Amino acid sequence: MDDNLQPEASKAPSTFNEMASAPAANIGVSKKPKPPHQEPETQVSIPPITKASVDSPMQNLKDLNAAPEWRGCIDMFADWQIRGWALSTINVMRSVDLEIYICGILVTTSSTRYSRVDIDQIVGLPIKSGFQISPQAIGTECAALIFDALKKIDNKKQTIDKILSIKIKGSDSYLPFSSRLRNEKVDISTLMPALDKIIGVRVRNEYISIRDSLIDGIESPLNSRADLVKPIAFYLPQFHPFPENNEWWGDGFTEWTNVTAAKSYWPEHYQPHVPADFGYYDLRVEDVQRKQIDLAKKFGIQGFCYYYYWFSGKNLMTMPIDRHVEKDFEFDFCLCWANENWSRRWDGSENDVLMAQRHIEEDDVSFINSCIKYFKSSRYITIDGAPLLLVYRVSLLQNPSETIARWRAIVKEAGFPDLHVSMVESFGLNDPHAYGCDSGCQFPPHGVVAPEINSSTKQLDPSFRGRIYDYQEVVRTEIARPKPSYTQFRCAMPSWDNTSRKGLDGNVFAKSSPELFETWLSYLINQARENLPVEQRFVFINAWNEWAEGAHLEPDSKNGQKFLQAVRRALSFDRGVMSALDLTADTETVGRLKVGELKAFIEKIVNANHQLQKLMKNYDGAIPDRASPFVAINSQWVCVEQGNVNDRAWLDSINGRPGHESRQIVMSREQSLSLRGWIHAPDASLTQALPIFICLEGIEGTSAKYMAGVYDREARPDIVGALNLGENSLWCGFAMKGDLVGVAPGRYRITALLAIPGELKSVVRVDAFIELLVA
């Protein structure tokens, strides 16, 4: 958006026959003492379930006034799948909340939410009395506690009531088991593998999460929670057809119509801008907006500022905003009222108004009332509880100070402490207090200073009538801009080019790049930390998706995600320091140091940190999903030769844990063996195409050998540089996931096998000096 706005029940298996003949213990709910809290090392002692009254026949479900208050039972327990039903005789339509205990350990809570045809037939009402719990409900910590508890049970087979109990939440009542389950015994050993798998899979993910939080959370002078700066990106909700656009511009018109028609006017002119990750999307598709939010959050964007098109009671293009509120997307947002007339400005017909703004008192009151429903969203951005509202052209209001005072009163009546109005600094506006606003918000390219470079642009189309500016000079002057006397939210733009809208009359800020944008944004973020209170540390970006103005963080075919990556880096402490030095002459001094020397020193620290994070990334265990099965080696298949005595396979990570900390690993056959590392074998030519295998060699009485293919190879220039190796070692890195199902229990040595070029059977053995115990 610019001064040339173009707005644009599952059905449970039937158990009726069984239940009809079941004793009353299946119906009345029993009571027992509260399960004791259990630590892993304590002895398992599950209180027995007492039998319910036997004088409550099945037909009592038809008499809901008869005792007991709760009815139900557990009628399935298999492979950690639990199913049953429950209802309250006081109100059968009410959902029943449940607590699920395994070995006396509270695993999860659930509630009745599924239809049970068998129960409905007896009660005579369609109610949701069924419940089911899957193994996914068992968390890693609980799985470990249950695993330890089950190991302490002496008898291999146990009745289910020794393992599982389900309590009616908020009462002392427990669900009984169906007659079939009550007499059934479970082999404890059959329960262990599933728990082992839960522990193995989830521990890796939790390790990665902890590792990432440690990397991102390294304390620095500007990295505490109190110093958090929130980047907010302007968002254009125009990318979908709607009746007014169809009427004014033709059926199916959206912003993409202009974007795809853009032309290049000199050799280095980047047009048209072609979207990458999301393509030419249609915002009517909900998944598009979800993916936009996921991508924005990934790179540190904290919210969207949606343009709000409200014209004297007429709303346009609010579908994405309404969806944001309705679906309660986990992402903050605020509104910027686009309060000017909507006209045909981009094609020169400035007086041809399509939708007018009247700005009379009645309209302005209706406008703020239309915002209240958005303000009430838990995702709406507030400052000390006051909703943040941006106004694009506050000077167009009939009496801005009186209008905003009237808005404040209305918003307070709606239950908010106040309203924070921020004046968009467009069209020369630079004093928010003169209009009754609380703050100003920059909106480049409005207000930026840069020289015109048409005359120095080589091979420029002679018919081009627009203006070309130097983006680098914009960055320089914006960093040098003095601090204003009022609260100001700074704003940076990744690039700018509106020739797709205005053609030969467009304006272009040439020579933009992700690196320059990062420098600009880094400085603004650092300034926000220094100048703004914690609640007001916002930095705006113009924009998330202004494709027709060439200003977008969304990935395109030229830069991919580089502008988003620049946002992520700009939020880091090191970029905050460097931004203050980037555009300072190297010959200037800071204390006794020249700026050039200081830059070189900081760059070394940044590079060292970058290499450290790359090294830590190799420990993350994020192995591709293609599992390679370990198969028994037949001595007739391969001839294993011993390599150089100094050769070694280094394992950076084993199932997500640092390999250099491991000498022995214990796993079960239910788990996958995930390895990432590199091979030191200078005499071998480790090309990308060279077959590599991971071998498990039996030791201590286990003679079996197994091998699995490595599908994924990695270039490791860091290893080549650190060890001064030749280019033939570049592809020494590897990653693999091995399936242990076919491996017999025993103790094994992990080795790598390198194929010998030209040989069909011969391989070279390289030891990793790590042992694996398969349980």
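## Salt bridges, sheets and helices of a predicted chain

Arg 481 and Glu 478 are joined by a salt bridge, with 2.6 Å between their closest N and O atoms. The term salt bridge is used here for a side-chain nitrogen of Lys or Arg within 4 Å of a carboxyl oxygen of Asp or Glu. Glu 478 is buried, at 1% relative accessibility. Arg 481 is partly exposed, at 27%. Here buried stands for under 20% relative accessible area, exposed for over 50%, and partly exposed for what lies in between, with a 1.4 Å probe and protein chains only.

The model is predicted: local features need pLDDT of at least 70, side-chain atom pairs count only at pLDDT 80 or more, and totals for chains, interfaces and linings use all residues. Residues are numbered from 1 along each chain as its sequence is written, and side-chain values use heavy atoms, with hydrogens and water left out.

**The whole chain**

The chain has 775 residues, and 53% of them count as buried. It exposes about 34,800 Å². Carbon and sulfur atoms supply 50% of that area. Areas follow the Shrake-Rupley method with a 1.4 Å probe, and for residues only the protein chains shown count as cover. The chain holds 18 helices and 43 strands. Both are DSSP runs numbered from the N terminus: helices are H or I with at least four residues, strands are E with at least two.

**Charged pairs**

Side chains of opposite charge can pair when their charged atoms come close. This structure holds 29 salt bridges.

| Salt bridge | Closest N and O atoms | Relative accessible area |
|---|---|---|
| Arg 481 and Glu 478 | 2.6 Å | Arg 481 27%, Glu 478 1% |
| Asp 287 and Lys 291 | 3.2 Å | Asp 287 38%, Lys 291 44% |
| Arg 408 and Asp 418 | 3.4 Å | Arg 408 15%, Asp 418 26% |

Asp 287 and Lys 291 both belong to helix α8 (residues 286-298). They are separated by about one helical turn, because they are 4 residues apart in that helix. Asp 287 is partly exposed. Lys 291 is partly exposed too.

Arg 408 and Asp 418 form another salt bridge. This pair links distant parts of the chain, 10 residues apart. Arg 408 is in helix α11 (residues 400-413), while Asp 418 is in the loop between α11 and β19 (420-424). Arg 408 counts as buried, whereas Asp 418 counts as partly exposed.

**An antiparallel sheet**

Strands of a sheet pair through backbone hydrogen bonds, either parallel or antiparallel. Two strands are taken to pair if DSSP finds at least two bridges between them. β3 (residues 81-88) is linked to β6 by 4 bridges in the antiparallel sense. Trp 85 faces Gly 130 of β6.

**A mixed sheet and its helix**

Another open sheet has 3 strands in the order β21-β25-β24, with mixed pairing. β21 and β24 are its edge strands, each pairing on one side only. β21 (residues 467-470) runs parallel to β25 (residues 507-510), and 4 bridges join them. β24 (residues 496-497) runs antiparallel to β25, joined by 2 bridges. Which residue of β25 stands opposite Tyr 469? Phe 509 does. Trp 496 also stands opposite Phe 509. Asp 470 has Ala 510 of β25 as its bridge partner.

Helix α12 (residues 471-480) lies across β21 and β25. It runs at about 50° to β21. Axes are lines fitted to C-alpha atoms, for helices over the stretch in contact, and angles run from 0 to 180 degrees between N-to-C directions.

**A covered helix**

Helix α14 (residues 514-531) has 18 residues. Of these, 15 are buried, and the helix is mostly covered.

Note on methods. The expected span of a helix is 1.5 Å times one less than its number of residues. Contact means heavy atoms within 4.5 Å.
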